[in-house]
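Thank you all for coming, and please have the sequence and the model open while I talk.

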Amino acid sequence: YLKIFAKKDLKLPFSSWKIGIDISKHKIIQEADVIHLHWVNGGFLNINSIKKLYKLKKKIIWTCHDNAPFTGGCHVKLECENYISGCGKCKILNSKKTKDLSYKILRSKIKILKDLNNLNIICPSKWMEKNAKKSLVFKNKKIELLENILDETIFKKIDKKLAREILNLENNKKYILFGAVDPKIEYKGYYYLKEALKIFYKKGYRKDIELIIFGSKFILDKEIPYKIINYGNINNDLELSLLYNSSDVFIGPSLEESFGQTFNESIFCGTPAIGFKNTGVESIINHLVNGYLADYKSSEDLVKGLEYFLFKSSRVEPSEKLTSKYLIKKYIEICNEKD
């Protein structure tokens, strides 16, 4: 299907939901009281696999870490809202057909999931919750808001000078932090970061400012007017925590975030975060308190966030409702709820 419909330069993830395995007879599944689904694509589970789990008559929780559970196959929908009316003419698949692969996938989900009454849907942000409720797949399902948990023993404040000393960073610099597995993918919003830094530079903010990047083998971009320090892929959370603690501000210009765990990690480490409105980070950032919510797709407003926090000496605090103590309590309540 994908060979027929997809662009050769397809960058956004898409799942056909055709491939999946039956785990319903696995010993661990048989013994479980609650089955909690997270990201189940990539050939792990398909819709029929989930239906077989449902037949076990156990409580099933499904957390939407992207849009795939309720769309016609796309994980990142950007500004497309075809999933509300039935999909078809899928932009990701470069399709002009009304009843294309995305249409067929959505119809299959609606048909199979409509009778799954004990399926509890969790969305990690208000933005994701709003999308799920509008969808044809989940519009009549029970949907609850419950943000993602992080490890507070790792992502926590430490002395900034000590963090910089460990990473061999200078104390007299202002460090802007940015992270993405592939910053060149459209929805990561790299273009808006680049434009914001160019505007910031033209406004006279030039001395002792550097950009730290992690998560990618980033090729030096000559359009960025600041020195770039590239840490590449980081598999050690302690090192990542040191990066957050060493930085003065974290910026993530993503056009779509189901939640935005990097924003959360940064704030728990005491470093303010900057992101766009109309994304999942609205559930993390308290505007002008622990970060800055910029107008969607506005590089100029990202600059205002940099101006507000880059030269602000005080470190920030996370929301009480994002602490593990609060969220674990909510998880237990959901697991104990009777369907």
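Before I place any residue, let me say that helices (H or I, at least four residues) and strands (E, at least two) are DSSP runs, numbered from the N terminus. What you are looking at is a predicted model, in which local features need pLDDT of at least 70 and side-chain atom pairs count only at pLDDT 80 or more, while totals for chains, interfaces and linings use all residues. Residues are numbered from 1 along each chain as its sequence is written, and side-chain values use heavy atoms, with hydrogens and water left out.

Let us begin with Ser 102, which sits in helix H5, residues 101-113. Is Ser 102 buried or exposed? With a relative accessibility of 2%, Ser 102 counts as buried, where buried means under 20% relative accessible area, exposed means over 50%, and partly exposed is in between, using a 1.4 Å probe and protein chains only. A polar contact is a pair of N or O atoms within 3.5 Å; within protein, one must be able to donate a hydrogen and the other to accept it, and residues adjacent in sequence count only if both atoms are side-chain atoms. The side chain of Ser 102 makes such a polar contact with the side chain of Asp 100, at 2.7 Å, and the Ser 102 side chain also reaches the backbone nitrogen of Gly 88 at 3.0 Å. If we take contact to mean heavy atoms within 4.5 Å, and leave aside neighbours within four places in sequence, then Ser 102 is in contact with Phe 14, Gly 72, Cys 87, Gly 88, Cys 90 and Leu 93.

Next comes helix H9, residues 237-246, which is largely enclosed by the rest of the structure because seven of its ten residues are buried. Those buried residues are Leu 240, Ser 241, Leu 242, Leu 243, Tyr 244, Asn 245 and Ser 246, and they pack against helix H7 (160-166), S5, strand S6 (209-214), strand S7 (227-232), S8 and H10.

One partner of H9 is H10, and helix H10 holds Ser 266. Ser 266 counts as buried, because its relative accessibility is 0%. Its side chain reaches the backbone oxygen of Thr 271 at 2.9 Å, and, neighbours within four places in sequence aside, Ser 266 is in contact with Tyr 244, Phe 250, Thr 271 and Pro 272.

From here we can turn to the open spaces. On a 1 Å grid over the protein atoms alone, a cavity is a set of points where a 1.4 Å probe fits but cannot get out, and a pocket is an open set with protein on both sides within 12 Å along at least five of seven lines; lining residues have an atom within 4 Å of a point. Grid points are joined across faces, edges and corners, and a volume is the space filled by probe spheres set on the points. The largest pocket has a volume of about 780 Å³, and of the 34 residues lining it, Val 181, Tyr 187, Lys 188, Glu 256 and Glu 257 are the closest to its centre. Two or more lining residues come from each of strand S5 (174-179), strand S8 (249-252) and helix H10 (261-268). Which element gives the largest share of this lining? That is H10, with four residues.

As for cavities, a search of the whole structure finds one of 30 Å³ or more, and the largest cavity holds about 40 Å³ of space. Its lining includes His 38, Trp 39, Trp 62, Cys 64 and Pro 69.

Finally, a nonpolar core is a set of buried Ala, Val, Leu, Ile, Met, Phe, Trp, Tyr and Cys residues joined through side-chain atoms within 4.5 Å. The largest one has 99 residues, and those with the most contacts inside it are Leu 37, Trp 62, Leu 113, Phe 138 and Ile 176. Helix H8, residues 190-202, provides the largest share of this core, namely six residues. Not counting residues up to four places away in sequence, Phe 138 touches, among others, Trp 62, Cys 64, Pro 69 and Leu 113. There is also a second, separate core of six residues, including Ile 61, Leu 146, Leu 327 and Tyr 331.
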